[in-house]
Amino acid sequence: MNAGNLSLVLLAGAAVVIAAIAAARIAHGVGLPSLLLFLGLGLALGDSGLGIRFDNADLAQVIGLSALVLILAEGGLTTRWAHARDAAPAALILATAGVAVSIAVVGLAAHWMLSLGWREAFLLGAVLAPTDAAAVFAVLRRLPLPPRLSATLEAESGFNDAPAVLAVTLLSATGSHDGPALIAGLVVYELVAGAAIGLATGLLSALALRRVALPASGLYPIAVLALIVASYGAASLAHASGFLAVYICALVLGNTRLPHGPATRGFAEGVAWLAQIGLFVMLGLLASPARLPAEILPALAAGAVLVLVARPLSVLISVLPLRVPWRHQAFLAWAGLRGAVPIVLATIPVSEGVPGATRLFDVVFIVVVIFTLAGGPTLPLAARWLRVMTPEELQEIDIEAAPLDLLHADLLQAEIPPDSRLNGVEIFELRLPAEANVALIVRDGKGFVPEPTTTLRQGDRLLIVAAEEARTKAERRLRAVSRAGKLAGWLGERGL
């Protein structure tokens, strides 16, 4: 590749990303999961569209697994442990026993309805078993759901990748004659060891990042993401579950007060979006539109069993001992969205040369497209019909990601230096514009909401919320008082 070719590649890559961003905006406006339009973009670029040929299942598997690591990392970093703690029992049972039930139901149905061999039938069940983190996060975080309900779905989508990957890998392996007891022991080891490595990596990383002062704030997000990816590598080298290690490591780091935490979460979100775009476009390129029509009816049958039988039954069995309200159970059953994970898992049997794997990939692709198209946009309707929405629930907003432009407001931060005349001034004596207010004072490392008579002190850090039109006046007033004291106006100081 020479410099001229590089320019064309970069231009084409940028055009694809920009088109995907535009597609994401369209999808958000009509309530569709973005992944569907990303897949459509890949199909449009492929053999039946612009003619880009991509049929390397091994490369697709490597790229897909790498992208899933980044998507899971963002999911763990943005999951609140305070909510996930209460939802953890239900999520863990859904991610283990629920996955097993789903594999069994879909496998049995596929064997009898689609005339698949037992191995291929259970492979289809294993590939379709996991819910997709990207699809779940994208849809659910726009709905005001009870924290425990949304956390259950989010944590399940983070946990259930690991058991599903193990099941698909074992079913795709050739020449294995291990007994059931040995296989069960292997599965338990991989899950336990992966969780332990993720927890250890997360705790050690949090300790290191809180003690080491990096020279630039932009290094913290890079360091956090690198440490999370390192947990995947460490777990894989130990023949443990890398996906489980990634999610738990990210969960630990996301719930630790690290320097520049909001910036880190914003960076991870951007990387995850880029990973989703690349992943879904690649999977669209890998699919062959010429083969898909022949598998529509088998895919509809398998998808119907998955959505109407396997998912509700797995939810019912999993949450039976936890006394989950029936309305929540019904929503859990309907909200088990599938996305990139099943399609990526479908590349494993293809790369292993399993007979019938190409047909399995096509069936999975159609199931994901059709049932995500049917399920994603209907989730708000299902939530309202089941009366599980809670509009009064507070929504956490990171400062770097806050939609302040939509609110026409700004957040200002000020620190009172040793020579400032702000020292000794009471809040009401600042005489800030009516559209501005001191929302928080941090003093000696502790934050509190000030009263009008609170006296400012040297070293205080102020967080000020101001309407956009009042920002300049508030800044000038603070500057004036800092120079000339509370009588600055009388003394002619305007803070210019």
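**Figure 1. Oblique packing of helices α13 and α16 in the predicted model.** Helix α13 (residues 296-319) and helix α16 (residues 357-375) have axes that cross at roughly 60° and come within 8 Å; axes are lines fitted to C-alpha atoms over the stretch in contact, with angles from 0 to 180 degrees between N-to-C directions. The two helices are therefore oblique to each other, a class left over once angles under 35 degrees (roughly parallel), over 145 (roughly antiparallel) and 65 to 115 (roughly perpendicular) are set aside. Helices are DSSP runs of H or I with at least four residues, strands are runs of E with at least two, and both are numbered from the N terminus. This is a predicted model, in which local features need pLDDT of at least 70 and side-chain atom pairs count only at pLDDT 80 or more, while totals for chains, interfaces and linings use all residues. Residues are numbered from 1 along each chain as its sequence is written, and side-chain values use heavy atoms, without hydrogens and water.

**Figure 2. Residues joining α13 to α16.** In α13, the residues in contact (heavy atoms within 4.5 Å) include Ile296, Leu300 and Val307. Their partners in α16 include Val363, Ile366 and Phe371. By class, this contact of α13 with α16 has 12 nonpolar, 1 polar and 1 charged residues.

**Figure 3. The meeting of helices α7 and α8.** The axes of α7 (residues 147-159) and α8 (residues 161-172) cross at roughly 30° and come within 5 Å. Ser157, Gly158 and Phe159 in α7 meet Asp161, Ala162 and Pro163 in α8.

**Figure 4. The protein around these views.** The secondary structure comes to 19 helices and 4 strands.

Conventions: Nonpolar A, V, L, I, M, F, W, Y, C, P; charged D, E, K, R; others polar.
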